[in-house]
Amino acid sequence: MRHPLRGGALAGLAALLALALVAIAPRGADASIHEYAGGGFAPRANSFFFHGGSEGLYASDPSSNSSASFIRFDSVVFRRTQESASKHEEMQQKTGLVEAIIVEIQDRDKIGGSYLHTDAICCTPELDKEKSCKVGEVIIRPNPDNPEWPKRIQTFFDGKNEETSMVTQTVSINKTGMYYLYFMFCDPQLKGLKITGRTVWRNPQGYLPGKMAPMMTFYGFMSLAYLALGLLWFIQFVRSWKDILQLHYHITAVIALGMCEMAFWYFEYANFNATGTRPMGITLWAVTFTAVKKTLSRLLLLVVSMGYGVVLPTLGGITSRVAALGVTYFVASEALELVENLGNINDFSGKTRLFLVLPVAILDATFIIWIFSSLSRTLEKLQLRRSMAKLELYRKFTNSLAVSVLISIAWIGYELYFNATDPLSELWRRAWVIPAFWNVLSYALLGIICILWSPSRNPTGFAYSEEAVDGVDEEGLSLVGSAVKGTGDMVNMHAFPEDKRA
């Protein structure tokens, strides 16, 4: 009797394809120092603009000078074309205007002439006559509760000068929100303008962007969680070291990689928070540990599903195929992680992101289908051999994996909904939950494997047996709950308590 897992494989494929759609969704730049290296301005209505950055910022703490939240303009220089500069006289003043506009996302309707029933962004002579605005400037309707916002900072060209510099200044943030910075000009003669320099964005507790700040605390807790799991596993490992199976070494490697991964990400975020820039060395290590752990975790699920050490003594001829899939996945995952964590994601179009994400999504789908089809064959073999103890073990594992797939599909649906309904990152304070969930789910699955395959001083209840091939019943041991209990020894049920979050 075949075990009905084909639907689960298709569900897994659907989940991974949906994940690819989530990954293609646009994201904001995660950086606290925004560098500008000769960027150009794009036309919009009757204006030209350059996006200088956007971040979630918390309000300054008035009780502490060191807990100030601000946006600082450092060495911002505008350079116009020689043709544009030559149209003016040497002694002429204010021959070109560039404005820096800082707007909190809830005040976005106050930029432009919508309240004047016009699509114009820059003030026109007709609107100037009505005393609604000044010609040549961006139309801004002040916030009645805070007349200084949206913030406007003006920088003028003089005479025939081709360059002008912004005055170095700091804008304090006294209200929590998602802030956008735009550099804009209205004069068509400035077409071809370029910008260089940088802006520094800081939250009260450091330079981490607001939507990334909770992740530092999260990685700290996850480091402790992996450490606790590792200690419990190590104790059980040492108690039964004479009867350790090869599979136990694989599980140990995944736990160790998880500890290193979470620790590196915590220190990477801590350094980022202190300096405002991502430390290249730590980030590379964190990305590499993430890619290695993701690869080995998937390989562990695959070989367990194949019945390695339970139904099969070795993987035999498929070892090379499993290894090839693992190497391919590592390369694709490493490339994607490097681009997402070392590059500015705003530099990549949807097609470029699809090119980077699609291989990882396809490989993930391959893993899911192979895992469920292998589980189907393993359960069938155990049923035919009447290996009831092992069959019960694999049924628990199958049910856990199926539940995790269903939860993943539900969460992907929520993630798609979240991205679709929040294109401007107004819900930035909740955004950290989405990547954190996948880390928690991965940890929960690893914890379940640790419980089911806990080291035992008499592991024959789930180890491969030659006699099983001849149809001899292996019921020398029985499975109780989620641990393996032998006739001479019982696995300590308290060594690996069930994770309540799983």
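**Close-up 1. Helices α4 and α10 side by side.** In this predicted model, helix α4 (residues 213–239) meets helix α10 through a set of side-by-side contacts. On the α4 side you can find Met215, Phe218, Tyr219, Met222, Ala225, Tyr226, Leu229 and Trp233. Their partners in α10 are Pro435, Ala436, Asn439, Val440, Ser442, Tyr443, Leu446 and Cys450. What kinds of residues make up this contact? Of the residues involved, 14 are nonpolar, two are polar and none is charged. The two helix axes come within 11 Å and cross at roughly 5 degrees. Angles under 35 degrees count as roughly parallel, so α4 is roughly parallel to α10.

**Close-up 2. The largest nonpolar core.** This core has 62 residues, and Ile251, Phe397, Leu446 and Trp453 touch the most other members. You have already met Leu446, as one of the α10 residues that contact α4. Which elements give two or more residues to the core? They are α4, α5, α6, α7 (319–342), α8 (350–384), α9 and α10.

Close-up 3. Leaving aside residues up to four places away in sequence, Phe397 touches Leu301, Val304, Ser305, Leu375, Ile449, Leu452 and Trp453. Another core, of 26 residues, lies apart from the largest one. Look for Ala100, Met166, Val171 and Phe183, which are among its members.

Close-up 4. The side chains of Lys293 and Glu261 meet in a salt bridge, with 3.4 Å from N to O. Lys293 sits in helix α6 (residues 280–305) and Glu261 in helix α5 (residues 246–275), so this pair ties together parts that are 32 residues apart in sequence. Are these two residues buried or exposed? Buried means under 20% relative accessible area. Lys293 has 4%, so Lys293 is buried, and Glu261 is buried too, with a relative accessible area of 4%.

Close-up 5. Glu163 and Arg79 form a salt bridge in which the closest N and O atoms are 2.9 Å apart. Glu163 belongs to strand β7 (residues 163–165) and Arg79 to strand β4 (residues 70–79), so the bridge joins distant parts of the chain, 84 residues apart. Glu163 is partly exposed at 44% relative accessibility, and Arg79 is partly exposed at 40%.

**Close-up 6. A salt bridge between two loops.** Here Arg108 pairs with Glu426, and their closest N and O atoms are 3.6 Å apart. Arg108 is in the loop between β5 (96–104) and α3 (125–129), while Glu426 is in the loop between α9 (388–421) and α10 (433–452), so the pair ties together parts that are 318 residues apart in sequence. Arg108 is partly exposed, at 39% relative accessibility, and Glu426 is partly exposed, also at 39%.

**Close-up 7. A salt-bridge network.** Arg72, Asp74 and Arg198 are linked in a network of salt bridges. To place this view in context, the structure holds 15 salt bridges.

**Close-up 8. Leu245 and Ser456.** Leu245 is found in the loop between α4 and α5. At 22% relative accessibility, Leu245 counts as partly exposed. How far apart are Leu245 and Ser456 in sequence and in space? They are 211 residues apart in sequence and 9.6 Å apart in space, taken from C-alpha to C-alpha.

Technical notes. Residues numbered from 1 in each chain as written. Predicted model: local features only at pLDDT ≥ 70, side-chain atom pairs only at ≥ 80, totals over all residues. Heavy atoms only, no water. Salt bridge = Lys/Arg side-chain N within 4 Å of Asp/Glu carboxyl O. Helix = DSSP H or I, 4+ residues; strand = E, 2+ residues; numbered from the N terminus. Buried < 20%, exposed > 50% of the residue type's maximum accessible area, 1.4 Å probe, protein only. Axes fitted to C-alpha atoms, helices over the stretch in contact; angles between N-to-C directions. Parallel < 35°, antiparallel > 145°, perpendicular 65-115°, else oblique. Contact = heavy atoms within 4.5 Å. Nonpolar A, V, L, I, M, F, W, Y, C, P; charged D, E, K, R; others polar. Core = buried A, V, L, I, M, F, W, Y, C linked by side-chain atoms within 4.5 Å.
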